[in-house]
Amino acid sequence: MVARAARAADLADLDGAVSDCFACPRLVDWREEIARTRRAAFRDQEYWGRPVPGFGIPDARIGILGLAPAAHGGNRTGRIFTGDRSGDVLFAALHRAGLANQPTSVAADDGLTLRDTRIFAAVRCAPPDNKPTPAERDTCAPWLHREVTLIRPTLRVVVALGAFAWAAWWPVLREVYGVRPPSPRPAFGHGAHWSGTTAPALLGCYHVSQQNTFTGRLTPGMLDDVFARAKQLAGVD
Ligand code: SF4
């Protein structure tokens, strides 16, 4: 699996290879089980039921790092943050920031395009209860590392959605940029900011989960502030 990730010559190659990954037995069972049983509202739809690749442009200056696809969102539509309430909140914010051409993301063929931005997840398969194990995170890490390597020439800032993504970023520093992660690791928080000399800046943002957006822990204004800061750090107008 590590070798397959490392061999990917470009993002199209990587997206194809990751879509065919079966390295985590528990997650393979879960993604396929969800695709078989389906949610009642989507019973007439064919679920993707496979790993979900990154989405966005290859010369992105801004990366958005999520946790993992949602069972009835990305795992259904085949595109990250697409077809669920988390995506509704995220893409509305990206559209307000001028980083997406439309405020909604409902299906892989809905015409959505991103500007200066690529979105990817620390774990590429939907996990039960949205909780991958540490072993699954580590098994999936080579896909993330290769994706960042491929967009490294332009990448200037990464927005980590939630503490899991924040923690998943530190090994990237060693694997992709050849630098030692800071010790102790900076704590995750909404608005937290870390900058190195050679690696992209890292910004913390509460995850766009319903748990956060329905309770008001994460508001549209808070997301707007994070993406305004990301654009500033990345030199995006
Ligand atoms: S989580 Fe990652 S490593 Fe595990 S099966 Fe899915 S794509 Fe492969």
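How many bridges join β1 to strand β3, and do they run parallel or antiparallel? β1 and β3 (residues 117-121) are antiparallel and joined by 2 bridges. Phenylalanine 55 faces isoleucine 119 of β3.

This is a predicted model: local features need pLDDT of at least 70, side-chain atom pairs count only at pLDDT 80 or more, and totals for chains, interfaces and linings use all residues. Numbering starts from 1 along each chain as its sequence is written, and side-chain values use heavy atoms, without hydrogens and water.

**Sheet.** The 6 strands form an open sheet with mixed pairing, in the order β1-β3-β2-β4-β6-β5. Pairing takes at least two DSSP bridges. Strands are DSSP E runs of at least two residues; helices are H or I runs of at least four.

Contact means heavy atoms within 4.5 Å. Angles run from 0 to 180 degrees between N-to-C directions of axes fitted to C-alpha atoms, for helices over the stretch in contact.

| Helix | Lies across | Angle |
|---|---|---|
| α6 (residues 134-151) | β2 (62-66), β3 | about 170° to β3 |
| α9 (residues 220-234) | β2, β4 (157-161), β5, β6 (201-205) | about 175° to β6 |

The largest pocket holds about 800 Å³ of space. Its centre is closest to Ser86, Asn130, His207, Ser209 and Gln210, among 32 lining residues. A pocket is an open set of points on a 1 Å grid, fitting a 1.4 Å probe, with protein on both sides within 12 Å along at least five of seven lines; lining residues have an atom within 4 Å of a point. Volume is the space filled by probe spheres set on the points. α8 gives the largest share of the lining, 3 residues.
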